[in-house]
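Hi,

Here is the structure I promised to pass on. Have a look at it first, and then read my notes below.

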Amino acid sequence: MAHINEKEEFLTKVKEFVDSCKKCGFCKAVCPIFKTSEYIETYSPRGRMLLLQGLYEGKLRPREYLALRLYCTLCGYCSVKCVSGLELTDAYLIGRAYLHSNNVVLSEIRTITENISKNDNPYGIDISVKSMWIDFLPERPTGKSKIIYWVGCTTSLRRVDTATAAYQLISSLVGDGVGVLDSEPCCGWPLYLAGDLEGYKKQLTKALEVIKTSGAEVVVTTCPACTRSLRDKAKELGISNNVRIYHIVEYLKEFEGRLPKLKLNETITYHDPCELGRHMKILKEPRQIINKIEGIKLIEMRGNQLESNCCGGGGLYLPLNPERSSSIALNRLSDVPRGVRKLVTACPSCEVQLSTAAQNAGLDVEVLDISELILKALTATDR
Amino acid sequence: MGSPDLIDKLKDILGPDKVLSEVEDIYVYGYDSSIVYSGVPWAIVRAYSTEDVVKLLQFADEHHIPVIPRGAGTSLTGGPVPLNGGIILDLRPMNKINVNVDDGVVEAEAGATVDEVDRECRKYGFMFPIDPASAEVATIGGTLANDGGGMRGARYGTIRNVVLSMEVVLPGGKVLNLGSPVYKQALGYELTQLLVGSEGTLGVITKAVFKIVPLPERLGRILAFFNDVEDAARAIFTIRRRGLQPLVLEFMDDITLQAVDSVYKLGLPPAAAAVLADVDGYAESIERLINTFKNIFIEHNAFKVDVATDPKEMERIYAARKGAYPALSRLYPVVIIGDVCVPLSKLPKMVRAVKDVSKKYEVPIAAVGHAGDGNLHTFTGLHSATGDEWERGYKANDELSLIAVELGGSASAEHGIGMQKKHLLLRELKLRSGEHVVEIMKDIKKIFDPKGIMNPGKLLD
């Protein structure tokens, strides 16, 4: 999406959506925000489309009250239901950019964007902490490498187990030193979600420059948002470099035929992260990888693949409304098949969101990243 | 109203969280699914209980404020759109459901969606008989107010056929309990049925009790393709003429099939029409039923008949029907949805008329729908809701409605009247019964709503 700082540009971009929306309201059936806001229409996907229409017609003006209702988790389930086949999250993001260009920035969102500019991560934690996960590795990464593990802000600061497992897994697959960046910046994705398109472009350029300078040829991440930002959005903006960037699921898929023997007697379920599943359409691959494990039993969640329910952790929604976000996570946990105690996913934000909700509710569900599962299956086989 | 004082007073009465009056909420609640209609309410009241509805209707009565009841806002005819201000009464928060398997009934509050009710029934091995296409979002209250039906209409008709009793709040706040939650009842004038299809113009339906039906032991699905649209329509007529009772009996014309195939790439054969039937019964009888239907389709020159009993395969052949509305919606920015119903013997004439009218007005009109009960939905595809093309589309839709009435049918089957079909309703009533019926209806309205505050501007108003 191009930079929107002019009303004319907003009008042009949003027109297609406004004209094509049939207002059927079928999107409302699956919206996690609508469900957890006691079904107030203004919090529904159709409501968001009408808010955009109101802005388009000049009957509504950018302000905080509207912004609070335009923001959602950007899970994209509404688009699956859209009779007109619209990618509704694109429309919401056009709206967010328009709000930002009108200086309507919610305080919680401003904190995130300021954190990125000050500390290179959305959490406002000193950047040095971001590499502390390395201390938990059996051996420290050494020197430069052609293959880099891009840990990402959320994995490094919130999911150390995922970070260490992913690093060890990639190392065991390539059989050679895997590098990490000395000072890994934020990929900029939260700025994009906040509608700060100029800021995003700058941050993304900086991140790509750091990768380029490292001499890496391959970058592997555990974060779908980082993958979308560094690869897909960069390509769309014409600023990508020649480095090959993979999400860990894609990378494992590349190795599918050459994967060592995997064995683990576990019954698990898999949660499709919205970014990886609905947005990147990586739906079969994680299942194919999981099913490579001898002894594994994968039971699907109620609502999976394109119809996966949201965990509530995306779209910068968590800081805006932690209570509603937590209710969404609890709803998602209720989709775990009876008797299953392990929930595997492939996104650090989903992991944080679901494990926190499970813990707070006293549910006996362990949440782990696909890297952790595969590493465990690999280690179990080694023994 | 509109005055901040009255809105504050309303907030005092109901609690501030139950009243929305910011410009964004007012804008959003001014729309339904009809595309061409919109309005500006003064405020929105979110009802969580019958008591909330009573309080609002007392307040509205006292201050002569219009009240527009609303479920999911999926009306295709402008039913819940506020014409001249007033208060939108959002009933979606009232969504309790109670299945009573022993008595074969379900009680649901007005704001529960049809799908929520159905899912609750399924936990007990039953299902809710009515299934509008919008079931995932459409509410029980809205479906009652518009007399909605759906695919299973071939067997169960519209919601009118399964409602037993209801709670209604009248203007002024009086609560009526109409009907009785039993399968047979003689309670004088049938007021429960009067409220069905009344579109919020008489009172507010807050909850109702319905018959439920057992889930079929086995299901079978048959999809037949025809080279002649009238052969398909005759096949439907023959099925009903021979006394067969399919659960679903759907019709799709060539424009629909082409649209579905171009959007979803299903590899459908080029055909003038297709008919989809669902049959249900005991495991031992399902094959015989399927063969009976299959033979009727072949008798009527079907050139391809697909059959499925496996759930995955059934889902696959259902894709052609399921994708109809989305596919047509993707091809045309604006769609006028028609909703005629004709006697089954006249179905071949009606489908032929769709083709003729389409040609006459030079607008594409797809015919698809629940033909098993004579109900055809026409989709007039347009590029704009203004100008000459819109005029032609609008006239074509009107002409089809008139043809349906001339064939002994009705211009409105299950989508309600709202604003879109007011003129068609008046024309049909006068053609069928003369002015007197209209006067009786207006008198009924006055008895229930003497101040005229309930959903003004809809139906006959």
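Before the notes on how the chains meet, one definition: two residues are in contact if their C-beta atoms, placed from the backbone, lie within 7 Å. Also keep in mind that this is a predicted model.

Let's start where the two chains meet. Chain B brings 23 residues to the contact, and chain A brings 25 residues. On the chain B side, the elements that give two or more residues are helix H2 (23-28) and helix H12 (324-331). Of these, H2(B) gives the most, with five residues.

Now to chain A by itself. The chain is split into domain 1 (7-104), domain 2 (108-253) and domain 3 (260-382). Between the C-alpha centres of domain 1 and domain 2 of chain A there are 30 Å. These two domains do touch: six residues of domain 1 of chain A are in contact with five residues of domain 2 of chain A. On the domain 1 side of that contact you will find four nonpolar residues, one polar and one charged.

Helix H1 (residues 7-20) and helix H3 (residues 45-57) of chain A have axes that come within 10 Å and cross at roughly 135°. That angle is why H1(A) counts as oblique to H3(A). Their crossing is left-handed. If you want to see who meets whom, A:Leu11, A:Val14, A:Lys15, A:Phe17 and A:Val18 come from H1(A), while H3(A) supplies A:Met49, A:Leu52, A:Gln53 and A:Tyr56. By class, the contact of H1(A) with H3(A) has seven nonpolar residues, one polar and one charged.

Further along chain A there is a sheet. Four strands make it up, in the order E5-E4-E6-E7; the sheet is open and the pairing is parallel. Which strands sit at the edges? They are strand E5 (294-298) and strand E7 (366-369) of chain A, each of which pairs on one side only. From one strand to the next, the twist averages 40°. Strand E4 (residues 263-270) and strand E6 (residues 342-345) of chain A run parallel and are joined by three bridges.

Over to chain B, which is divided into domain 1 (4-90), domain 2 (97-214), domain 3 (218-325) and domain 4 (332-429). Taken over C-alpha atoms, the centres of domain 1 and domain 3 of chain B are separated by 43 Å.

Strand E5 (residues 97-100) and strand E6 (residues 105-109) of chain B run antiparallel, with four bridges joining them. Within this pair, B:Val99 stands opposite B:Val106 in E6(B). Four residues lie between the two strands of the hairpin, and in the turn B:Gly104 has a positive phi of about 65°.

Cheers

Key: Residues numbered from 1 in each chain as written. Chains lettered and ligands numbered in written order. Predicted model: local features only at pLDDT ≥ 70, side-chain atom pairs only at ≥ 80, totals over all residues. Domains from an automatic or database assignment. Nonpolar A, V, L, I, M, F, W, Y, C, P; charged D, E, K, R; others polar. Pairing = 2+ DSSP bridges. Axes fitted to C-alpha atoms, helices over the stretch in contact; angles between N-to-C directions. Parallel < 35°, antiparallel > 145°, perpendicular 65-115°, else oblique. Left-handed = near helix turned anticlockwise from the far one by under 90°.
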